[in-house]
Every structure is written in structure tokens, then in C-alpha cells.
Amino acid sequence: MGTVIDSHFLALTAIVTVGYQLLFFVITALFKFDKVTDFAGSTNFIIIALLTLILKGSWHFRQVVLTFLAVVWGLRLALFLLMRILNWGEDRRFDEMRSNLGKLAIFWIFQAVWVWTVSLPVTVVNASDRDPSVQAVDVIGWIMWSVGVSIEAIADQQKLSFKNSPENRGKWCNVGLWKYSRHPNYFGEIFLWWGIFVASTPVLDGAEWLVILGPIFLTLLLLFISGIPLLEESADKKFGNMPAYRLYKKTTRSTNPFGSYRFTLIQSGGGANLTCSLHFLMNSLLQPSDSIAPSSVWKFTLVVEDNTL
């Protein structure tokens, strides 16, 4: 079918995302029912991926693969989070929001922004007419996704099993991957979405490279805003007076269980070289630490060299 509203489906996906999140916001606000919150966010990724693939109708191999990866991730996460909240009974994040419509609205607006922004690589790839042959960078991206989604799924299941065990009540999870990282599930999620971005790069051209804002936004969100900071604050309140917990926090990496990592992408063409270097140094995050200083843990460099004569 091709173009709908705009050639990159950006307006369409924004409208669909806002409408979908608005629906669940109304349900939550009217019935004080917050068990579908994470389900609404995760399934929105599935809707965007499938909608853009079907509307474009090109069915290029790369489009199908990236859509498949987004759908598999979204479906697993949606079902896991839904079953978890049904088991736990309530989402404590909303304790202060249920009676405050303003705070609840801000949360849902932010969730809509999260879905739309992080989905950008898949959206733009599915809207593209370019279809270069499979390259090494595609395979690298797919491998990154596979590693990331595996780590996230394993970490989620390990923590769920730990919390469901009566003998672990009043304890923090420090088994399996959680022995080496305080938030391995977040590391997996960040890594898999960087993998999707990497796999999208063969079709990106000009301003389309701005889809890198998707994984950047996700990384900053989980590391500094709604992910790790909230969980660390909650854990500190529960276990902060325990010497064993303080030792665990001091000696265990925050996200990456494997140590520091780094990769560089170089895209050239049309007489202009676009060099995009991503350095995941994250000193405080990748090394054991009790505090996070954003300015010292993230370094992103984008250099544009115009060699056109």
C-alpha cells in the first residue's frame, strides 16, 4: 500500500500509539485497574511492527526479520509481565497514582513516548523502499538481539522463581545472572534494542539515522529515570540496613554482567561519510558502585564529515 499520512509512517504510528495508550489509560482511570499497564506498553510494540510491515506491503527480508524480532520480544514481555502482575495482585508503582489523575496521565504519556521512540528503527525500516542484500552488520544485530532477549528472559524467570519461593521472603535476588548484575534484565533489553538498531543500519540514509534516538532513549530511561533509580531506591529502603546487601551492591555490577563493551558503526556513501561511534563506557554502571553520576557513565559521539568536493 505504501505511504500512509507520511512516507515513514511516523505520524501514523504516533496516532496509533497515542490512541492505544489512551484506551488503556481510560480503563485504568475509571476502574482503578492497573494490571494491564505493562501489557499495553509491550503489545503496542507488536502493533506498530506488524502495522507498518503490512501497510508497506514490500515484505523485504530485512523488514520481516526485524518485525519478527520486535514481535517475539513484545509478546514474551507482555505475557510475562501480565502473568506476573496477576500473580502478585497489584503494581506498587501506582500506589501514589491511583487517586491522582494528573500523575497517572503523565505516566501514560511517557509510556506512549517510550513505545513510539524505541520502535523507530523498526518503523523506518518497514517504511523503506531500499532493500540491500544481507550484510555482516545485519547478522551482528541479530546476534545482539538474540543475546539480549535471552539474558532478559532468563533474568526475568530467575527473579520470578526466587520471589515465588517462601524461603526467600525478605531477601533480594542474588542468584543466577543476578549474582553478577543487579539488573541483568535491563542489560538484556538495552542490548537487544541496540541490536535491532544495528540491523537497521543498512537501509538508513540521511536523517533516517536519527532512529538511533530509539535505543539512546531506552538506555537513558532505564539507567537514569524510571528503571534502575526507582528499583535501587526501593531496594535501599528494604535492605539498606543489611551489611550483606550493602556488600552485594558494592561488589556487583549495576547492569552489564560481563564487563565493559564497545562497538563502532561506520556508514559511508554518496561522497559524504557519516561516522557514528557508540562507546558504552558507563564507568559507574559497568563497575560496582553505590552511586550513579550520569556525566561520567555515558559517552556518545556523533561525527559528521562532509568530504564532498
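Predicted model: local features only at pLDDT ≥ 70, side-chain atom pairs only at ≥ 80, totals over all residues.

Visitor: Are helix 5 and helix 7 roughly parallel or antiparallel?
Guide: Their axes come within 9 Å and cross at roughly 25 degrees. Angles under 35 degrees count as roughly parallel. So helix 5 is, relative to helix 7, roughly parallel.

Visitor: How many charged residues does the contact of helix 5 with helix 7 have?
Guide: Sorted by class, that contact has six nonpolar residues and one polar. The number of charged residues there is none: no charged residues.

Visitor: Now helix 3 and helix 5: how do they run relative to each other?
Guide: Helix 3 spans residues 61–88 and helix 5 spans residues 120–127. They pack at about 155 degrees, with axes 9 Å apart. Since angles over 145 count as roughly antiparallel, helix 3 is, relative to helix 5, roughly antiparallel.

Visitor: And is the crossing of helix 3 and helix 5 left-handed or right-handed?
Guide: The helix 3 side of the contact is R62, Q63, L66, T67 and A70, facing V122, V125, N126 and A127 of helix 5. By class, these residues are five nonpolar, three polar and one charged. As for the hand, the crossing of helix 3 and helix 5 is left-handed.

Terms used
Residues numbered from 1 in each chain as written. Heavy atoms only, no water. Axes fitted to C-alpha atoms, helices over the stretch in contact; angles between N-to-C directions. Helix = DSSP H or I, 4+ residues; strand = E, 2+ residues; numbered from the N terminus. Parallel < 35°, antiparallel > 145°, perpendicular 65-115°, else oblique. Left-handed = near helix turned anticlockwise from the far one by under 90°. Contact = heavy atoms within 4.5 Å. Nonpolar A, V, L, I, M, F, W, Y, C, P; charged D, E, K, R; others polar.
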